[in-house]
Amino acid sequence: MPDRERVRSWRPAVPGVAEVLHARFTEHAYPLHTHDTWTVLLVDQGTVAFALDRRSRTTSPSLVTLLPPHVPHDGRAASAQGFRKRVLYLETAVLPLALTGAAVDSPVVLDPSLGRAVSRLHGALAAPGEEFEAASRTVLLTERLRTLLARRGPAAPAPRGDLSLARRLRDLLDADVVAGVGLADASARLQADPAHLVRAFGAEFGLPPHRYLTGRRVDRARRLLLDGVPPAQAAVGAGFYDQSHLTRHFRRVLGTTPGRFTSRR
């Protein structure tokens, strides 16, 4: 990994915050992936270009970008200078899934004061002994985000593909991320032609089912790593064949190795 690229991540003892991630990237480009949490992105330096639900966007320093769960997105530096970012992953218990449509419609929040609030929360999360302040700031932030999204109202999704079939396949994949399911088995269980199954999933979610499953496994692995599980055990516990299999996909998605992911250096 280039010297200028850094990633560190941890799970704070703060209800509602699944993970905190700080990163500096110049070359890494995130492929299309999803999370089962809300992503609150604050860019401190540079510009990030990303696509959310097939629409191209950019976000600049001091602006907060809110990416909802289960909606495919990618990300890359918009210039050779790269970017520096801080990210909060918020649980759906504190920010409901019902607000997804409003976030997809306008993910970048054009309010510098929100960026300052998120920055202060990151400061509290990174300071040992400041858990009470961090928890207080988290409650205020999530309340503010809920109010903001509720005012926008849900965006009406454009109909496309076989939604019922695609969602049933996603439910099938989510039911056992570790063991997974073969395409032939999924086809038989859903009573659908395999090619139609793959096309319907891609039309609805913007990425093929195998890449969706890999992304869910990477998410599971990062949580195991944050729990202190060694990379080799995290690989098997997340459904990868071995540590090298995990490392290959982990680096592709997150731009770092499992061993460096939780390093605070």
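The buried residues of α4 are Leu 165, Ala 166, Leu 169, Arg 170, Leu 172 and Leu 173, where buried means under 20% relative accessible area, exposed over 50%, and partly exposed in between (1.4 Å probe, protein chains only). They cover an arc of only 160 degrees around the axis, which puts them on the same side of α4; the arc is that of the directions from the helix axis to the C-beta atoms. This is a predicted model, in which local features need pLDDT of at least 70 and side-chain atom pairs count only at pLDDT 80 or more, while totals for chains, interfaces and linings use all residues. Residues are numbered from 1 along each chain as its sequence is written, and side-chain values use heavy atoms, with hydrogens and water left out.

Helices (H or I, at least four residues) and strands (E, at least two) are DSSP runs, numbered from the N terminus. What covers the buried residues of α4 includes α5 (183–190), α6 (194–205) and α7 (209–226). The length of α4 can also be checked. The expected span of a helix is 1.5 Å times one less than its number of residues. Helix α4 has 13 residues (163–175) and should therefore span 18 Å, which agrees with its end C-alpha atoms being 18 Å apart.

Rolling a probe the size of a water molecule over the atoms shows where empty space is left. On a 1 Å grid over the protein atoms alone, a cavity is a set of points where a 1.4 Å probe fits but cannot get out, and lining residues have an atom within 4 Å of a point. Grid points are joined across faces, edges and corners, and a volume is the space filled by probe spheres set on the points. The structure holds 2 cavities of 30 Å³ or more.

The largest cavity has a volume of about 180 Å³. Its lining consists of 16 residues, and Tyr 30, Leu 41, Leu 67, His 73 and Lys 85 lie nearest its centre. At least two lining residues come from each of β3 (30–33), β4 (38–45), β5 (48–52), β8 (73–77) and β9 (83–90). Strand β9 gives the most to this largest cavity, with 4 residues. The lining of the largest cavity divides into 9 nonpolar, 5 polar and 2 charged residues. Here Ala, Val, Leu, Ile, Met, Phe, Trp, Tyr, Cys and Pro count as nonpolar, Asp, Glu, Lys and Arg as charged, and the others, Gly among them, as polar.

The second largest cavity has a volume of about 60 Å³. Ala 18, Glu 19, His 35, Thr 37, Tyr 89, Asp 219, Arg 222 and Arg 223 line this second cavity. Helix α7 supplies the largest share of the lining, 3 residues. By class, the second largest cavity is lined by 2 nonpolar, 2 polar and 4 charged residues.

Thr 34 lies in the loop between β3 and β4 and is buried, with a relative accessible area of 4%. Leaving aside neighbours within four places in sequence, Thr 34 is in contact with His 70, Val 71, Pro 72, Tyr 212, Arg 216 and Asp 219, contact meaning heavy atoms within 4.5 Å. Arg 54, in the loop between β5 and β6 (55–59), has a positive phi near 75 degrees and is partly exposed at 46% relative accessible area. Gln 191, in the loop between α5 and α6, has a positive phi near 55 degrees and is exposed at 74%.

Terms used. On a 1 Å grid over the protein atoms alone, a cavity is a set of points where a 1.4 Å probe fits but cannot get out, and a pocket is an open set with protein on both sides within 12 Å along at least five of seven lines; lining residues have an atom within 4 Å of a point.
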